[in-house]
Amino acid sequence: MGGPLEPLFDVEEMELSFGPQHPSTHGVLRVMLKLDGEKIMDAKPIIGYLHRGTEKLFETEPFPQCIPHTDRLDYVASATNNQGFVVTMEKLLGITIPPRAAYIRMILAELGRISSHLVWLATHAIDLGAITPFFYNFREREEILDLFEAYCGARLTLNTMRIGGVPFELPDGWVDRCSDFIDRFPAHVDEYEQLLTENRIWKRRTVGVGVISAEEAIEMGLTGPPLRGSGVKWDIRKVFPYDHYDEIDFEIPVGTNGDTYDRYLVRLQEMRQSARIVRQCLDKLPDGPVIAKVPKVLRAPEGMVYASVEAPKGELGYFIVTTPKGTKPYRCHVRPPSFINLQALPEMVQGLLVADLVAVIGTLDIVLGEIDR
Amino acid sequence: MTDEKNTPKPEDQGAAPKSQPEAKPPWLDKPVPPVHVDAMDDPDVTALAAAVEDAVLAADAFAGEVTITIDPAKLIDACRFLKQERGFKFLVDLTAVDWPEREEGRFDVVYWMHRFDDSRRIRVRIIVGEETSVPSVTGVWKTSNWMEREVYDMFGIVFDGHPNLERILLWEGFNGHPLRKDFPVEGIDTGAAVQPDVYPEGGGPLVEEEGGA
Amino acid sequence: MHAALIQFIVIPVVKIAVILGVVLLVVAYLTFAERKILAYMQVRLGPNRVGPKGWLQPIADGLKLFVKEDLIPAKAEKAVFLLAPAMIMIPALLAFSVIPFAPATKLFGLLPKAIPPYVTDINIALLFVLGISSIGVYGIILGGWSSNNKFSLMGGLRSAAQMVSYEVPMGFAIIAVLLMARSLSLVQIVKAQQAAHLWFFVPGILALGIYFICGVAETNRNPFDLPEAESELVAGFHTEYSGMKFAFFFLAEYTNMLVVSSLATIMFFGGWLRPFPNVAWLSFLGVVPPVIWFAVKVAGFIFVYMWFRGTFPRYRFDQLMQVGWKWLIPLSLANLVIVGAGVLLVKG
């Protein structure tokens with residue numbers, strides 16, 4: 001009686017179109033699934049529903065006017081998008097920014113990272129059926145958005161960095177307000193941890209799900225928390241410090257197993273580290289101008305430059321090609337972390353169940369604005 | 001991946017040196033743009049030139065970034081060498097630039113790779129014409145799969161040996177390659193104009209016979 | 001003839017009408033309670049706009065669902081699609097016909113003789129409830145299948161597997177109560193607890209735990225809400241339902257919660273009995289009518305339901321099956337042995 005058993009009934013794989021309108025694809029991601037029962041035999045992400053031709057638009061705008069377009073890439077953490085673009089432009093133009101501007105940028109970027117991770121945790125938890133963390137996360141996110149609003153008037157698409165610095169001085173009382181929030185914040189992270197970290201069901205849903213090894217993660221080009229969750233201690237803020245991150249003391253949390261739970265822990269630790277960075281920036285905040293002396297019309301030398309920042313999702317890089325005396329990017333390519341992280345999805349969900357798919361999509365923390373550009 | 005390699009400060013990225021004891025702080029001075037310098041004697045370039053014959057056509061450093069222009073025919077060998085022998089295990093980015101007027105070939109295809117040991121990055125560039133296809137590096141770095149698909153989608157550059165060369169952001173049947181310089185910024189008429197057999201006349205939602213989930 | 005008419009027709013009809021009305025009203029307000037309780041657990045206010053403090057919200061919801069367009073997907077199996085909501089709602093309501101929420105009463109002397117306020121007391125009431133609530137699963141399966149939607153189908157399949165699996169340990173847990181009460185009549189079970197001077201949750205604490213976990217699974221509530229897991233299956237078996245048909249699924253879920261809680265109250269917490277019914281000096285507690293005691297106990301269980309929802313993530317399908325088959329069934333069997341031995345020792 002050897003050999004595989006003949007199935008009693010006709011068996012066929014079910015094709016399931018998961019998304020683009022689905023509560024847990026975090027936007028307009030579509031995954032074509034081949035299912036055997038609930039087991040995923042094959043997953044094929046289909047993207048592009050939010051494609052707006054951002055890279056084409058960059059080519060039509062003078063350098064400073066490209067910045068608002070970057071807001072719309074990763075719209076839950078627009079500060080780091082601005083930062084990536086202006087850092088690249090400053091490298092191209094050889095501009096040194098005043099220290100106060102760098103510190104304000106770091107504060108905004110880290111607040112943005114916290115708010116992005118809060119959105120991630122909220123949606124990730126709700127994907128796994130825990131609805132309460134959502135409201136706790138959004139309570140704190142609201143405060144961060146209020147801080148952004150007080151600084152630049154916008155809450156989501158900040159457009160708050162300029163080539164050479166930042167556009168505004170911090171308003172009166174902003175430092176105290178921010179300081180008050182950032183001192184309270186670690187206690188809130190404890191709250192989220194209380195809800196989830198030791199929860200048995202949470203652990204059963206995340207431990208060992210969507211495992212990716214360190215070698216595989218590098219091979220697939222993962223960056224950000226998905227890479228660090230696999231144990232690779234790699235963070236652009238440490239490796240290629242931009243702005244003044246080299247003056248700040250912080251740690252890079254890493255995981256060990258590369259599963260969903262480790263990535264969850266990594267992101268929670270990152271929130272604490274971000275709070276620490278903001279705290280130090282507020283303490284060290286130097287005086288001086290907030291924007292460098294920059295020519296009115298920016299003319300770039302010919303060449304190609306690439307610079308990247310550590311966005312909440314991973315390495316966000318801008319590749320800018322210019323023509324001699326050009327006032328617009330000849331070509332501006334964005335290296336979107338979500339796009340490349342999403343590529344690993346089929347491998348990570350192979351053989352898992354549909355319920356794990358939402359866990360893995362959640363743990364990759366994708367933003368479709370950035371994937372589709 | 002330990003802390004040690006975070007300490008050597010790489011000069012090829014990030015903010016310029018800070019707080020020099022000058023009369024005028026650098027942010028009030030006129031910015032000094034970076035210049036191009038020859039990088040043929042860079043250790044990675046010389047190693048590559050020695051290992052893969054005739055591969056390196058030129059090497060240039062700009063803003064601390066080394067760009068090696070190599071012969072497209074030697075691309076796979078060069079990439080494999082850089083990955084396996086020189087430790088560039090991580091392909092950071094892959095994209096293309098369109099130069100429609102250029103004589104040597106219309107497109108630059110650009111590979112930007114990273115070495116973890118000393119946090120060094122180099123850029124490999126190949127110049128290809130409109131009709132020539134590019135060997136796919138999916139066999140070298142898995143991550144290049146979607147990146148090459150995107151380049152194919154946006155520029156129409158065909159990658160030989162790619163396992164699944166389909167459009168990625170736009171749909172199959174889209175007419176044109178948007179990031180080519182001759183593609184109009186305001187876009188083209190799509191939908192009904194492109195797939196008249198699928199889309200009802202005058203646009204409107206796609207109606208199919210068999211409705212699925 | 002005349003007396004028989006009153007006894008067998010008029011009184012039952014009145015009772016049925018009253019109970020049906022009360023149950024539906026309670027169920028409607030359960031949704032409101034859930035939204036409020038969850039809101040307070042989640043640092044927000046909950047519905048507070050319709051009527052004073054939001055108290056008319058369920059009415060508004062009901063009206064909205066009632067006047068909403070009732071869509072039937074073109075490819076749906078129409079007859080089955082229409083039947084499914086009824087098949088889930090009717091059994092849920094039928095269960096209330098045997099649930100005794102108060103003893104026979106004269107209604108403060110308004111009635112000439114004491115009559116039981118519940119519809120009927122049959123000697124196999126417990127079996128009846130179990131059987132009738134099993135029918136509910138067909139509504140879910142058929143609803144999921146007839147929608148002709150893959151998400152619905154998967155939701156239906158999940159619930160079939162889930163309900164069938166969890167009915168087994170639930171049945172074993174109930175047998176433990178039977179051993180103690182020596183009756184299947186729910187009224188007799190309450191009376192047995194009075195006679196034993198002991199609510200059955202003390203000897204049956206394990207049975208209570210198993211029963212309630214299974215009850216949560218049976219009603220498809222968090223953390224076992226896989227059939228309608230929003231983040232996975234959109235809305236599971238009722239993805240394609242709208243308007244009043246959706247409301248049926250929705251109300252049936254809450255009705256079932258009420259049934260499970262009522263049964264738990266009756267079997268383990270002495271039904272309508274006041275705390276320590278045999279301690280004389282606590283007799284002032286008797287001022288509170290039995291039906292209120294019953295309601296308070298049921299409300300406690302309902303609160304636990306909502307507490308779960310506010311706290312737990314969702315199990316995965318295979319883990320759910322594991323919990324059911326690998327833990328609950330062996331545990332309930334062991335419990336049966338323990339309780340059986342205990343009953344033998346005590347009663348001889």
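Helices (DSSP runs of H or I, at least four residues) and strands (E, at least two) are numbered here from the N terminus. By that count, chain A carries 15 helices and six strands. Keep in mind that this is a predicted model, in which local features need pLDDT of at least 70, side-chain atom pairs count only at pLDDT 80 or more, and totals for chains, interfaces and linings use all residues. Residues are numbered from 1 along each chain as its sequence is written, while chains are lettered from A and ligands numbered from 1 in the order in which they are written.

**Chain A overall**
- The radius of gyration of chain A (over C-alpha atoms) is 22 Å.
- Along the principal axes, the C-alpha atoms of chain A fill a box of roughly 85 × 50 × 35 Å.
- Of the 373 residues of chain A, 62% are buried, meaning that 20 or more other C-beta atoms lie within 10 Å of a residue's own; 12 or fewer make it exposed, anything in between partly exposed, with C-beta atoms placed from the backbone.
- Contacts (C-beta atoms, placed from the backbone, within 7 Å) with a separation of 6 or more are 71% between residues 24 or more positions apart in chain A.

**A hairpin in chain A**
- Strands β2 (30–36) and β3 (39–46) of chain A run antiparallel over seven bridges; pairing here takes at least two DSSP bridges between two strands.
- A:Arg30 has A:Ile46 in β3(A) as its bridge partner.
- Two residues sit between the strands of this hairpin, where A:Gly37 has a positive phi near 65 degrees.

**The chain B sheet**
- Chain B has an open, mixed sheet of six strands, ordered β1-β2-β3-β6-β5-β4.
- β1 (36–38) and β4 of chain B are at the edges with a single partner strand each, so one side of each has no neighbour in the sheet.
- Neighbouring strands are turned by 25 degrees against each other on average, direction ignored. For angles, axes are lines fitted to C-alpha atoms (for helices, over the stretch in contact), and values run from 0 to 180 degrees between N-to-C directions.
- Helix α1 (43–51) of chain B packs on the sheet against β2, β3 and β6 (120–128) of chain B, with its direction at about 175 degrees to that of β2(B).
- β2(B) (56–62) and β3(B) are antiparallel and joined by six bridges, with B:Ala61 opposite B:Val66.
- α3(B) lies across β4 and β5 (107–115) of chain B, at about 5 degrees to β4(B).

**B:Val128**
- B:Val128 belongs to β6 of chain B and counts as partly exposed, with 19 C-beta neighbours inside 10 Å.
- Leaving out residues up to four places away in sequence, B:Val128 touches B:Pro72, B:Gly105, B:Phe107, B:Val109, B:Val134 and B:Ile157.

**Where chain B meets chain A**
- The interface puts 44 residues of chain B in contact with 52 residues of chain A.
- On the chain B side, β3 (65–70), β4 (90–98) and α3 (144–155) each give at least two residues, and β4(B) has the largest share with six.

**Helix α9 of chain C**
- Just after α9(C), C:Gly270 takes a positive phi of about 70 degrees.

Technical notes:
Two residues are in contact if their C-beta atoms, placed from the backbone, lie within 7 Å. The radius of gyration is taken over C-alpha atoms; the globule rule is 2.2 Å times the number of residues to the power 0.38.
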